[in-house]
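Student: I have a structure open and have not looked at it before. Can you take me through it?
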Amino acid sequence: MVRPILLIALLAGSCTTDISLRQDAACDGELQSAEFEVVDGPFDFDGDGFFDANNPDCVAFYGEAQVDCDDRDEAINPGLDEEECNGVDDDCDPATADSVDADGDGSDACVDCDDDDPANAPDLPEACDGADNDCDGELDDEEEDVDGDGFAPCEDDCDDTDDAVFPDADELCDGLDTDCDSLVPDDEVDDDGDGTLACADCDDADAENFPGNVEVCDGQDNDCDGSAGADEADADFDGAIECADCDDADGDNHPSNVEACDGQDNDCDGNADADVAGEVDADGDGSLSCDDCDDGDADNTPGNPELCNGADDDCDGAANAPGGEGDADGDGRLACDDCNDGSAAVFPGNTESCNGLDDDCDGAPGADEGDGDGDGSIACLDCDDADAAVFPGNVEACNGLDNDCSGAPAANEVDGDGDGALSCADCNDGDGNNFPGNTELCDGQDNDCDGTPDAPGGEGDGDGDGSLACADCDDADGANEPGNPEACDGQDNDCDPATFAVGGEGDGDFDGALACADCDDADGLNFPGNPELCDGADNDCNGAADADLAGEVDGDGDGSRSCLDCADNDAANAPGNPEACDGADNDCDGLANAAGGELDGDSDGFLACEDCNDIIATVNPAANELCDGLDTDCDSVTPAIELDADSDGWRGCAGDCEDQNPAANPGATEICDNGIDEDCNGVPDDGCAVTADQDGVYTLASPYLYTCLFGTLTVSITSLSVADDNPIISFTSGGRVGSMSGTWTSATDFTASNFLDGGGLCDETYTVTGSFTGPNTFTADFTAAFAGAFCLDCVTQGPVTFVGTRP
């Protein structure tokens, strides 16, 4: 516990104190007086048990293993393990590396995010490979395949949120550029705004017609199944199609018809409703409610005999049984049941009085009050006591009798027309066809004397055509009456449903034009008044197909009619033709617009669509290739030798021997002991001394690029200067790890191959392991060849002289 206190004191003192202490002590393993009871304490200033390596006596006495390279820091001494990436020699052994660079990319593991892959290191450019090449901790947005369709935005995926959209995908009928060719097909629009694209819509000019729509009753193919509904015909020719007609087998029943009292729904409003009850026979008496005065009582119906019950049994508008059904005298008995309804003193059950009346209505007055006819008048006063309708004071009735006993019937009780009805009851006693009870005829007269000419249908002439409504099939239209000639207007002009105008009055093609007026009733595109289309047909029924002056012909036989063809004398130009690079409007869109344009902007004799650069006249398909980095001859290939792949300002064709290494070019300075020909004079490390053999792993400075799907890669290395007779060749390709190994065929030659499977850019990185003659470099001739069914740029790479470098 004494030693730390002493060290604190020493630290707190001046530098002279420390020096004086060391001057008075010796680093010899002996306790000196100036060492304050700690042997050689001043020489272990940090108290870590290791002594000052700067003191020769300590080194001599304790040896290298016990001396401290930094005696002021107890965290540094030979007994500790080296801590990586802290910039400190923790174990006092300079040979122990503070960091490593396993992949030889120039960035050690302290800063390299992936020290197993030389393609990933800080400050490297980010590539489109799905890896963090620049070690910034994240991938560029363009490298992420968000929708999982195998293409990232940097691989030309035009919508990385939709896995159905990627380069070369099948174009779908969805309004999107599915194949990423920057074009949406013309038929992937929705002109009528019904939510269905034209490529899926049977009628993109009508928003009411599209697949999945509900078929409505309008005569059109609303759901695009190829036809209007089966119920959209008019079988009974009443002007209403079946789906709108409540009874398409009966021409008397259709919407807008007048409701009649016949038990049917004549106006198709869903009910037989000539009356509120609905034209029913609720009481089962054979009369509909609209004719029955009391449809709740089967005893009351037209034609029933009138009974003495206070009800209108025969529905003639009154309860009028013989004698009447009132109670005039208020005696509680109906007149028809009261033997004298004029006297409240006479009624059945009353006490008989001597008054000549049948007071008790037992059928006779008293024995001296006989009334043989029961008319209320005793026989001695009655002019005809055999007839109850004849008695003094009676009201004269229209019956041909002397009802009031005045001596003769009334003057109007004759039958002038011999129809059996007296003039007093006959509405027309000069016409034997008109009398009460007669059947009403359709003749404009009151045949049944009910006060109105009312044959079924009515006996007026609403349209003034001379036909009564009861005989006229349409009394609202003067053009329709029996005997009228049939016209082409879709109406029953002669009131005979079986006859039609010549040609028929149906509309077979549902185009709104009747067959008798339609020039082609089998085609809904041809009818009078239709605009003429360019289809070779007479759409407007004017007798000619005349959308243009030429007559809708195909003069050049290219399948396009003159009215659509921009050049009907040239079969190479027609709508729908692919645009060719010939300076003509081949697809008739009004422009000569092949991809790239059909002008010659640089006047080099080649149109823009065939010229890869229409701005520079020296660049065209007939030009010779120059060392300028351009595709001068327009063969879509810029020779690799014209590129400046490493961006060092030197092209391969201009002398850059290592165009993937920016440090190597004709203007660079040679660096020793790295196996690289920086100045491109053909000799790596020229002027550098060769030292002893070194072992290690060497990586080619320049990898080779292929665009491949699958096939076999063959690598040959010849003239390799190595001391080992069995090196190992390994490589990685396009993210798939493979290996190749074999036995040397000679001291300097090696060949191996491996099968690659997959797609994309194959970026081969080759390493050679073995003992080599140079300290840090080797040279050899390298050849790489790819053989497969699907490969672009698969030419043999090499032979080239390459330099391997060991980190």
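Student: Where is Asp57 placed?
Tutor: Asp57 sits in helix α3. Keep in mind that this is a predicted model.

Student: Is Asp57 buried, exposed or partly exposed?
Tutor: Asp57 has a relative accessibility of 46%, so it counts as partly exposed.

Student: Buried or exposed?
Tutor: Asn55 counts as buried, because its relative accessibility is 14% and the cut-off for buried is under 20%.

Student: What is Asn55 in contact with?
Tutor: Leaving aside neighbours within four places in sequence, Asn55 is in contact with Cys27 and Phe43.

Student: Which residues make up the largest nonpolar core?
Tutor: The largest nonpolar core has six residues, namely Ala25, Cys27, Phe43, Phe51, Cys58 and Val67. Cys27 is one of them, and among its contacts are the core residues Phe43 and Cys58.

Student: Which residues do ring pairs link into a cluster?
Tutor: Phe51, Phe61 and Tyr62 are linked into a cluster by ring pairs. Phe51 also belongs to the largest nonpolar core, and Phe61 and Tyr62 are among the residues that Cys27 touches.

Student: How many aromatic pairs are there in the whole structure?
Tutor: A search of the whole structure gives four.

Student: Where are Phe151 and Phe166 in the chain?
Tutor: Both Phe151 and Phe166 are in the loop between β2 (67-68) and β3 (694-700), 15 residues apart, and the pair links distant parts of the chain.

Student: How accessible are Phe151 and Phe166?
Tutor: Phe151 is partly exposed, at 27% relative accessibility. Phe166 is partly exposed as well, with a relative accessible area of 22%.

Student: Change of topic. What is the phi of Cys405?
Tutor: Phi of Cys405 is near 55°, which is a positive value in a residue other than glycine. Cys405 is in the loop between β2 and β3.

Student: And what about the phi of Cys495?
Tutor: Cys495 is not a glycine either, and its phi is positive at about 60°. Cys495 is found in the loop between β2 and β3.

Student: Cys519, then. What does Cys519 touch?
Tutor: Cys519 touches Asn526, Asp538 and Cys541, not counting residues up to four places away in sequence. The C-alpha atoms of Cys519 and Asp538 are separated by 8.1 Å, and the two are 19 residues apart along the chain. Cys519 is partly exposed, with a relative accessible area of 44%, and its place is in the loop between β2 and β3.

Student: Is Asn624 buried or exposed?
Tutor: Asn624 is exposed, with a relative accessible area of 64%. Asn624 is found in the loop between β2 and β3.

Student: How does the lining divide into nonpolar, polar and charged?
Tutor: The lining of the second largest pocket has 16 nonpolar, 15 polar and 16 charged residues.

Student: Last one: how many helices and strands does the protein have?
Tutor: The protein has three helices and 12 strands. Of its 807 residues, 34% count as buried.

Note on methods
Residues numbered from 1 in each chain as written. Predicted model: local features only at pLDDT ≥ 70, side-chain atom pairs only at ≥ 80, totals over all residues. Heavy atoms only, no water. Nonpolar A, V, L, I, M, F, W, Y, C, P; charged D, E, K, R; others polar. Core = buried A, V, L, I, M, F, W, Y, C linked by side-chain atoms within 4.5 Å. Buried < 20%, exposed > 50% of the residue type's maximum accessible area, 1.4 Å probe, protein only. Contact = heavy atoms within 4.5 Å. Phe/Tyr/Trp six-rings, centres within 6.5 Å; stacked < 30°, edge-to-face > 60°. Helix = DSSP H or I, 4+ residues; strand = E, 2+ residues; numbered from the N terminus.
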